[in-house]
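Please look through the sequence and the model below before reading on. The paragraphs that follow start from one local feature and then widen to the whole chain.

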Amino acid sequence: MTTNDPRAAGWSAAAHPVTDPQSAALLRAYYVELIERYYGRPTDEEELAAVLAEEPSDDLARPTGEFLVARRDGQPAGCVGVRVLDAGTTELTRMYVAPQARGQGVARLLVGAAEAVAREEFGAARMRMDTRKDLVEARALYAGLGYREIAPYNDSPYADHWFEKPLR
């Protein structure tokens with residue numbers, strides 16, 4: 001998938017196995033950043049392994065979801081997951097763009113690709129997501145893409161805000 005955002009020129013986003021080493025590396029980078037921002041300190045391998053075990057991503061594969069990776073010139077630099085919650089609802093999760101790719105429209109490309117997968121492959125009528133209060137950039141991105149804040153739909157201890165967008 002490509003985007004009309006001129007900043008995303010040369011970038012693409014496509015399904016990629018969540019079990020692949022490139023996917024695992026992106027998920028590790030995602031969690032390192034989340035942990036370090038949340039606690040305001042560096043993480044270590046033990047803590048990272050515990051979080052990866054506590055927050056598995058193996059359901060981001062058919063039939064329960066999909067994992068997408070953003071690339072430029074074959075190099076991965078971002079990811080997003082789509083999780084099926086029910087027959088009409090999917091969840092956007094594991095949204096990450098590597099620091100060197102930020103400001104280039106990659107996040108919008110990934111969200112658009114995830115929405116297309118949710119709508120076209122899973123028949124979803126809506127996409128939901130949760131995020132933390134300290135992730136102000138993410139909240140601004142989602143609001144700018146038409147997501148509206150809703151009541152909590154899960155009991156994630158790391159969520160402070162919940163969003164939803166109609167896909168049809």
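Which residue with a positive phi follows H3? In this predicted model, that residue is Gly123, whose phi lies near 65°.

Much of the interest of H3 lies in its side chains. The buried residues of this helix include Val106, Leu109, Leu110 and Val111, and also Glu115 among a run of alanines and a valine that comprises Ala113, Ala114, Ala116, Val117 and Ala118. The largest nonpolar core has 46 residues, and those with the most contacts inside it are Leu92, Met95, Leu110, Val111, Tyr142 and Tyr147; the largest share of this core, 8 residues, comes from H3. Met95, leaving aside its neighbours within four places in sequence, is in contact with Ala107, Leu110 and Val111, as well as with Tyr30, Cys79, Val80, Leu141 and Tyr142.

For the chain as a whole, the secondary structure comes to 4 helices and 7 strands, and from the N terminus on the elements run β-α-α-β-β-β-α-β-α-β-β. The radius of gyration is 15 Å, close to the 15 Å that the globule rule gives for 168 residues, so the chain is as compact as a globular protein of that length. Buried residues make up 45% of the 168 residues, and among contacts between residues at least 6 apart in sequence, 61% join residues at least 24 apart. The accessible surface comes to about 8,500 Å², of which 53% belongs to carbon and sulfur atoms.

How values were computed:
Residues are numbered from 1 along each chain as its sequence is written. This is a predicted model: local features need pLDDT of at least 70, side-chain atom pairs count only at pLDDT 80 or more; totals for chains, interfaces and linings use all residues. Side-chain values use heavy atoms; hydrogens and water are left out. Buried means under 20% relative accessible area, exposed over 50%, partly exposed in between (1.4 Å probe, protein chains only). Helices (H or I, at least four residues) and strands (E, at least two) are DSSP runs, numbered from the N terminus. A nonpolar core is a set of buried Ala, Val, Leu, Ile, Met, Phe, Trp, Tyr and Cys residues joined through side-chain atoms within 4.5 Å. Contact means heavy atoms within 4.5 Å. The radius of gyration is taken over C-alpha atoms; the globule rule is 2.2 Å times the number of residues to the power 0.38. Accessible areas come from the Shrake-Rupley method with a 1.4 Å probe; for residues, only the protein chains shown count as cover.
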